[in-house]
Amino acid sequence: MSKPRPALIALTRARVLEFIREPEAVFWVFAFPIIMALVLGFAFRDKGPDKVPVGIAGGGSEGLLAGKPLRSDALKTIEFATLEEGLQALRTGKIALLVENRDPLVYHFDPTRPDARLARLEVDDAIQRAAGRRDPVPVKDVEMHEKGSRYIDFLLPGILGLNLMGTGIWGIGFGIVNARLKKTLKLMTATPMRKSDFLLGQILSRLFFLLLEIAVILAFGVLAFGVPIRGSLVLLLAMALLGSLSFAGLGLLVAARAKTLEAASGLMNLVMVPMWLLSGVFFSADRFPNAAQPLIRALPLTALNDALRAVMLEGKGVAAIAVPAVILAAWGVTSFAVALKIFRWQ
Amino acid sequence: MSENTAEAVSVALAIRCRGLKKRFGDVRAVDGLDLEIRPGECFGLLGPNGAGKTTTIEILEGLTRPDAGDVEILGRRWGEHERELRARLGVSLQETRFSEKLTVFEMLDLFRSLYPRGRDPERLLEDLSLEEKRDARIGKLSGGQRQRLAVACALAGDPEILFLDEPTTGLDPQSRLQLWEKFEGFRAAGRTVLLTTHYMEEAERLCDRVAVVDHGKIIAQGTPAELIAGLHAPHIVEFASDPPLSAEDLKALPGVKDCRRRDDRWFVGVASLVEAVPALLARLDRGGSKLLTLSTHRATLEDVFISLTGRELRDE
């Protein structure tokens, strides 16, 4: 007979086989991040800013605007026959501002809406310029369209980080809780298997998919949107690996005691949802108040996203990602150690 | 000197436990249980659901820690020689649902890799008549095939002792028979089997010795034949009549050892059929009772259990 595989390899292999035969899991790991990047990339693609709709109502010949159309690239004007119609459109958000054409001109708008304030500035600017205003300070605009400063460039490393977190925590957590529920975990502890082999096998099986996952997401970003990779690819992979190990540790911890899939998925959401929001996946974590920053910076996903962006977008080297790397390693080691300690095998 | 003798005895036993106790909350699952099982023996723990059989076998398997008591498996203790012991034992749990996505061979191969030495998975599949299902996903197997796979996994390390917890529960008669033959084959190779069951036919067919367990205690122990002989009523007469007879009427008949009633049927344990049946018929005739049904069977372990506890094995 052929010599049997070492237990660690056999356990890893079995987990990989189980995973790739689960079509839903394959979808969430590979297709979902791409669909998300595709949708968001199109929603925020470079097409110039939208024109702000503004309304003009009333007046006729006695209004100051009579016969003079608004000239501005940023505005789209809609004429209303009566003031009431115009106000109705403003109330329902169809226009950002209503110009009541009389003497003096009246601007109706809601100052708490950013687009309304923008409209107020643009409309007034257009009217005053048309009336002959000259600015006392000469200025000149230079517009930026460089790759790497677009939303998709910001987004893609975030999606990569998000995906590494999701697959790490879900992949490991569900695998373990399922094995516990089906009692295969208990049955395996009745064999001479080393318990650490089982846990390591779970983590190694994750790493097997890691390379594929990264390759698919990065290739998509580069080919479909021309997202730049300015730093070292090796460093990028190393950070992704570290992040993945760290989340695998968290996944083990989440699954260490859960007895049902519901309990496990509740815990996973508890761990992941705050990071979805806080860790700078879709928008920069800098937007949160300063007081919350130390906490947000200490989250593993924030650390991973910061590091991935530093390498991909800014081309930074090892020195710049040392702090996030330490944060990730600390999360990984601590959660693995605690998980091993409190793990429930039956 | 006496210590040496005690040592020698315990080494010679495959499984030995004394004073096992285990509670779960208020329930005393195992309540002072002793066992001595010899190498090469097939031993059965027989009892109804909830009697403590599973807790007992899982303590012996080293999966559950007892609150009190002492366990020796192959002369070794769990705390000291865990990995060595695990390599020498095979375990099939009451309900294991293997990952449905793996194939039969992949699962067996995985279990084989967990043992330092063991049997060739291909040969094991043949032994358990699973070779045709070698590459089938476990999710597509029937109940009997899954159970055979569970037994194959338990045999992957070529164990000296095989632990089987309710190995045929829920299977059809043919699958059950097929598994029984496998267990008999294993035992014929001189290995030890400990099984739990609430099927008396299973215990009678497979087991050299049986311990009847109820409320976490052993209430009787011996070979199936000894236990049945202990009833002193090797035959059971089952009948119904109109109007029915009373217990006093029946006990007055020659050779009647005990009787019990379920609905309008009497189950009467008798020493000799040729003596008791004519006497019963005569008694019915004299009392003007009409016989509605009459049948007899040889006493079984079920009858032993009923006479010991007043309950039936399978009243769930």
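This is a predicted model: local features need pLDDT of at least 70, side-chain atom pairs count only at pLDDT 80 or more; totals for chains, interfaces and linings use all residues.
Visitor: Why does Pro224(B) count as buried?

Guide: A residue is buried if 20 or more other C-beta atoms, placed from the backbone, lie within 10 Å of its own, exposed if 12 or fewer do, and partly exposed in between. Pro224(B) has 21 C-beta neighbours inside 10 Å, and therefore counts as buried. Pro224(B) lies in helix H9 (residues 224-229) of chain B, and across the chain 41% of the 316 residues count as buried.

Visitor: Which residues does Pro224(B) touch, not counting those up to four places away in sequence?

Guide: Two residues are in contact if their C-beta atoms, placed from the backbone, lie within 7 Å, and with residues up to four places away left out, Pro224(B) touches Ala203(B), Glu204(B), Cys207(B), Val210(B) and Leu301(B).

Visitor: What makes the passage of H5(A) by H8(A) a crossing of a particular hand?

Guide: A crossing is right-handed if the near helix is turned clockwise from the far one, and left-handed if it is turned anticlockwise by less than a right angle; H5(A) passes H8(A) in a right-handed crossing. The axes of helix H5 (residues 151-181) and helix H8 (residues 233-255) of chain A come within 8 Å and cross at roughly 35°, where axes are lines fitted to C-alpha atoms, for helices over the stretch in contact, and angles run from 0 to 180 degrees between N-to-C directions.

Visitor: How many of the residues in this contact of H5(A) with H8(A) are nonpolar?

Guide: Ala, Val, Leu, Ile, Met, Phe, Trp, Tyr, Cys and Pro count as nonpolar, Asp, Glu, Lys and Arg as charged, and the others, Gly among them, as polar; the contact divides into 14 nonpolar, seven polar and no charged.

Visitor: What is the largest nonpolar core, and which residues have the most contacts inside it?

Guide: A nonpolar core is a set of buried Ala, Val, Leu, Ile, Met, Phe, Trp, Tyr and Cys residues joined through C-beta atoms within 7 Å. The largest such set has 157 residues, and Ile169(A), Met239(A), Leu108(B), Ala152(B) and Leu194(B) have the most contacts inside it. H5(A) gives the most to this core, with 16 residues, whereas a second, separate core of 16 residues includes Val54(A) and Ile95(A).

Visitor: What makes E11(B) and E13(B) edge strands?

Guide: Two strands pair if DSSP finds at least two bridges between them, and strand E11 (256-262) and strand E13 (290-298) of chain B each pair on one side only. They belong to an open, antiparallel sheet of four strands in the order E11-E12-E10-E13 (chain B). Six bridges join E11(B) to strand E12 (residues 265-270) of chain B, and one of the bridge partners is Val270(B) in E12(B), which faces Val256(B) in that sense.

Note on methods:
Residues are numbered from 1 along each chain as its sequence is written. Chains are lettered from A and ligands numbered from 1 in the order in which they are written. Helices (H or I, at least four residues) and strands (E, at least two) are DSSP runs, numbered from the N terminus.
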